[in-house]
Amino acid sequence: MTQTTTRSAVPANRLEQHIEDFKPPLSDAQALAESHRCLYCYDAPCVQACPTEINIPEFIRRIATGNVRGAAKTILEANILGHSCARVCPVEVLCAGSCVYNEKEEPPIMIGKLQRYATEYAYEKGIEFFKPGPATGKRVALIGAGPASLAAAAELRIRGHETVILEGRSVSGGLNATGVAPYKYKLEDALKEVAFIQRLGVEIRENTLVGRDVNLTDLASEYDAVFLGVGLGPDSQPGVPGEDKPGCVGAVHLIERIKTEPGFKLQGVTHAAVIGGGNTALDVVRELKQLGVPCVFLVYRRDEASMSGYAHELEAARLEGVEVRFNSAPLEVVGEGHVTGLRCVATRLGAPDANGRQSLEQIAGSEFVLPAELVVKATGQEKLSAFLGAIPGVKVDKGRVVVDQATGQTGNPKFFAGGDCANGGKEVVNAAAEGKRAARGIDAFLRHGAPNADFHVTIK
Ligand code: SF4
């Protein structure tokens with residue numbers, strides 16, 4: 001096992017550096033003015049909509065009174081990943097979407113931007129709000145250096161436990177570092193947050209893959225508890241003939257190259273087709289437009305109402321010039337050698353299937369070919385069922401680790417879990433909440449032998 005704490009470096013000459021921030025930060029004057037708009041609601045609906053229950057009116061009031069440091073403290077005490085969540089949270093459907101101003105048909109408070117203003121202030125000033133608790137002598141291993149493990153590790157350090165995160169890749173931060181759309185959050189920002197967590201004394205061992213470099217059984221005997229924060233696996237394959245051709249790539253893999261690979265370029269791509277209807281598909285089409293690809297298609301088998309991607313992201317993609325092809329099923333990735341296009345067929349709804357979901361019928365004679373030198377598969381990520389299911393006592397249902405909803409504990413008392421491997425793939429803020437929940441569960445397990453009900457953590 002590698003025995004060193006690592007700090008990920010930020011390579012130069014990465015493609016994401018050519019992508020602009022879509023939501024520029026607030027100036028001091030803008031932040032002050034926006035904070036004074038807040039009504040500081042009692043039982044604020046914005047707080048209820050936040051999975052980490054940040055006291056939003058309190059932090060906004062602190063900005064309004066010039067106490068930006070205090071605002072950052074309020075945020076980070078509730079959500080140690082408040083820096084990334086300010087940037088990557090879909091506020092339109094969470095806090096800002098619940099703001100009372102929506103009922104007045106006035107713009108909601110810019111909660112995400114105010115959160116960014118406060119947390120960036122704290123980061124720039126190097127303010128450390130937290131310190132490790134008195135040492136308990138207990139050691140916890142956390143598998144995967146994504147948001148769930150980082151949030152869990154920070155909470156465990158504050159409670160005095162030793163923590164070691166084992167990360168198979170050469171970069172920490174999980175999808176915050178390698179998978180978030182660059183127009184929302186860039187690699188160097190994600191690594192600032194990782195460093196913030198590391199300063200609490202969290203050890204991270206990169207290039208250390210459990211199952212390859214570390215034996216899981218040894219890990220379980222060496223540590224007092226283990227947290228599973230492994231996220232999801234590689235891009236799923238939609239099973240379209242020709243999907244292995246050069247120029248046909250997975251979305252998560254492509255985004256990772258854009259964000260992290262020095263010198264990576266999209267050479268000769270004038271048309272691109274992205275298959276999928278989720279938020280990753282929407283992220284990719286917008287990134288490709290930002291990178292100057294003139295013609296970008298979003299290809300989805302069903303209609304707009306069936307999309308799992310957020311409506312506001314779809315609207316933004318359309319405004320940026322993405323051509324959306326609903327009711328279009330991919331039939332084949334075409335091209336002799338390298339990809340030249342995507343052959344599709346128009347679809348319509350058929351009879352409901354056994355689960356009540358309407359089946360799709362292909363419309364005879366409606367085939368068409370979209371030109372594309374790049375085809376991106378954004379149809380989800382594989383689950384790590386084999387790895388997770390091999391842990392004695394850990395139950396896996398539909399690829400998700402089954403956990404106790406109050407403590408994050410799995411069927412094996414020593415193992416806890418949170419984030420995408422337990423929730424199937426949600427937002428960073430959900431991973432942050434679940435990591436914190438599990439840390440409290442682990443703390444109770446280490447102190448009392450079993451998680452107890454002396455804490456209350458709501459997971460939405
Ligand atoms: Fe402020 Fe809107 Fe939250 Fe009310 S709901 S406290 S106005 S941000």
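How many helices and strands does the secondary structure of the protein come to?

## Overall fold

The protein has 17 helices and 16 strands. Both are DSSP runs numbered from the N terminus: helices are H or I with at least four residues, strands E with at least two. This is a predicted model, in which local features need pLDDT of at least 70, side-chain atom pairs count only at pLDDT 80 or more, and totals for chains, interfaces and linings use all residues. Residues are numbered from 1 along each chain as its sequence is written, and side-chain values use heavy atoms, without hydrogens and water.

The radius of gyration is 23 Å, which agrees with the value near 23 Å for a compact globule of 460 residues. That radius is taken over C-alpha atoms, and the globule rule is 2.2 Å times the number of residues to the power 0.38. Along the principal axes, the C-alpha atoms fill a box of roughly 70 × 55 × 50 Å. Of the 460 residues, 55% are buried (under 20% relative accessible area, 1.4 Å probe, protein chains only).

## Ligand shell

The residues around the ligand include Cys-38, Leu-39, Tyr-40, Cys-41, Cys-46 and Cys-99. The shell divides into eleven nonpolar residues, no polar and no charged. Nonpolar here covers Ala, Val, Leu, Ile, Met, Phe, Trp, Tyr, Cys and Pro; Asp, Glu, Lys and Arg are charged, and the others, Gly among them, polar.

## Ser-172

Ser-172 lies in the loop between β2 (162-166) and α9 (175-178). Its relative accessibility is 1%, so Ser-172 counts as buried. The side chains of Ser-172 and Glu-206 are joined by a polar contact of 2.6 Å. Such a contact is a pair of N or O atoms within 3.5 Å; within protein, one must be able to donate a hydrogen and the other to accept it, and residues adjacent in sequence count only if both atoms are side-chain atoms.

Note on methods:
A residue is near a molecule or strand if one of its heavy atoms lies within 4 Å of it. Buried means under 20% relative accessible area, exposed over 50%, partly exposed in between (1.4 Å probe, protein chains only).
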